[in-house]
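Here is a short report for a reader who is new to this structure. Please keep the sequence and the 3D view open while reading.

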Amino acid sequence: DWIKQALTFLVISCPCALVISIPLSFFAGIGCASKHGILVKGSNYLEALVDAKYFVFDKTGTLTKGVFEVTGIFPENGFTEKSLLFYAASAESASNHPISLSLKRAYGAEPDSQRVNGIKEIAGQGVTAWVDGQQVYVGNQKLMQYAGVDILQTHNSGESMVFVCVSGTYAGSIGISDVIKPSSKEAIAALKKMGIKKTVILTGDVRDVAERVAREIGIDLVRSELLPGDKVNEVEALLAAKGKQEKLAFVGDGINDAPVLSRADIGIAMGALGSDAAIEAADIVLMDDDRCKIALAMRISSNTLKIVRQNIVFALAVKFACLFLGAFGIATMWEAIFADVGVMVIAVLNAMRAMQIKR
């Protein structure tokens with residue numbers, strides 16, 4: 001009798017239900033996310049997403065389309081619109097940055113590479129090059145200060161402004177605008193509806209442009225005119241200010257976002273147009289760049305964790321009850337089999353519910 005009772009107790013205590021159903025719940029949650037175009041690189045990131053209370057966004061290419069168009073040309077000091085565009089497009093001829101591409105499109109022709117040499121990029125400021133023997137600086141106000149010229153008039157009305165200096169003379173400015181993606185405002189609203197405490201924009205763009213985008217889509221905090229290293233410092237400050245159990249997520253797409261994606265608790269990258277470095281550094285990848293799927297990923301995460309907790313509570317409750325009965329010889333082998341295999345099957349079926357979440 002004691003041998004039979006001991007074997008019954010042993011069968012009841014087998015942890016199959018926990019060992020199988022909990023990982024399976026996370027696998028089902030990751031599979032559900034994948035089905036909706038959200039690539040999650042591990043169950044720990046899916047679990048962490050439930051506690052995400054701070055969302056930090058890059059602006060260009062993430063909240064905006066990243067397809068710039070020249071909206072205004074403002075020559076100064078005797079330069080014409082055509083010559084201003086020529087110097088700007090020539091200096092930017094080796095760059096694939098969206099602003100550089102917009103300048104080349106506005107110029108209307110491919111700059112002659114034989115007339116350009118000595119191209120050098122200055123991080124977070126712009127580029128310098130020699131065009132027809134003249135040194136040209138093309139970039140933001142910081143670059144103009146570096147070049148030692150005064151900006152006469154900015155003409156800034158909410159666009160990004162590119163300033164041009166030719167041989168120490170201020171040549172003028174070019175207004176470039178970027179279009180906010182239609183889903184950005186909806187995505188921010190969905191996140192706030194889910195209880196997000198703060199949304200932040202970190203961008204290298206000028207303050208006026210960043211604040212205009214933030215106002216239109218409902219961002220809480222703006223940090224502008226940042227270098228890639230400055231973005232990491234800003235994220236460090238936000239990490240220090242958040243609660244112990246709270247998580248910070250960073251959403252970006254560019255190669256300069258890779259350090260911040262790695263530093264944040266959860267890195268989310270745009271998979272369709274994002275750089276390889278950003279996708280590699282991220283923990284979660286949105287394969288079609290739909291920002292609204294961030295909220296969907298949080299719903300999938302919350303649903304998965306709920307099912308995991310249900311399985312833990314159900315399995316332990318049944319097992320402890322049967323162990324108590326088994327210790328006093330009340331439970332037979334049939335109850336033991338139910339407490340082991342039966343509970344495991346029920347927990348597995350419950351785990352499969354993690355794949356059924358609807359958008």
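The report below covers aromatic pairs, one glutamine and a pair of helices.

## The model

This is a predicted model.

## Aromatic pairs

The structure has five aromatic pairs. One of them joins phenylalanine 79 and tyrosine 87. Their ring centres are 6.2 Å apart. Their planes stand at 80°, and planes over 60 degrees apart count as edge-to-face, so this pair is edge-to-face. Both phenylalanine 79 and tyrosine 87 are buried.

A further pair is formed by phenylalanine 86 and tyrosine 107. This pair is tilted, with 50° between the planes. The centre-to-centre distance is 6.0 Å. Phenylalanine 86 belongs to helix H4 (residues 81–91), while tyrosine 107 belongs to helix H5 (residues 98–107). The pair therefore ties together parts that lie 21 residues apart in sequence.

## Burial and the cluster

Are phenylalanine 86 and tyrosine 107 buried or partly exposed? Phenylalanine 86 has 12% relative accessibility, so it counts as buried. Tyrosine 107 has 26% relative accessibility and counts as partly exposed. Phe79, Phe86, Tyr87 and Tyr107 form one aromatic cluster.

## Glutamine 5

Glutamine 5 sits in helix H1 (residues 2–12). Its relative accessible area is 18%, and under 20% means buried, so glutamine 5 is buried.

What does glutamine 5 touch, leaving aside residues up to four places away in sequence? It touches Gly326, Ala327, Phe328 and Gly329. For glycine 326, the backbone oxygen lies 3.2 Å from a polar atom of the glutamine 5 side chain.

## Helices H12 and H13

Two packed helices are described by the angle between their axes and the distance between the axes. Helix H12 spans residues 293–327, and helix H13 spans residues 333–351. Their axes come within 10 Å. They cross at roughly 175°. Angles over 145 degrees count as roughly antiparallel, so H12 and H13 are roughly antiparallel to each other.

Which residues make the contact? H12 contributes Ile307, Gln310, Asn311, Phe314, Ala315, Val318, Lys319 and Cys322. H13 contributes Glu335, Phe338, Ala339, Asp340, Val343, Ile346, Ala347, Asn350 and Ala351. By type, the residues of this contact divide into 11 nonpolar, three polar and three charged.

Terms used. Residues numbered from 1 in each chain as written. Predicted model: local features only at pLDDT ≥ 70, side-chain atom pairs only at ≥ 80, totals over all residues. Heavy atoms only, no water. Phe/Tyr/Trp six-rings, centres within 6.5 Å; stacked < 30°, edge-to-face > 60°. Buried < 20%, exposed > 50% of the residue type's maximum accessible area, 1.4 Å probe, protein only. Helix = DSSP H or I, 4+ residues; strand = E, 2+ residues; numbered from the N terminus. Polar contact = N/O pair within 3.5 Å; in protein donor to acceptor, adjacent residues only side chain to side chain. Contact = heavy atoms within 4.5 Å. Axes fitted to C-alpha atoms, helices over the stretch in contact; angles between N-to-C directions. Parallel < 35°, antiparallel > 145°, perpendicular 65-115°, else oblique. Nonpolar A, V, L, I, M, F, W, Y, C, P; charged D, E, K, R; others polar.
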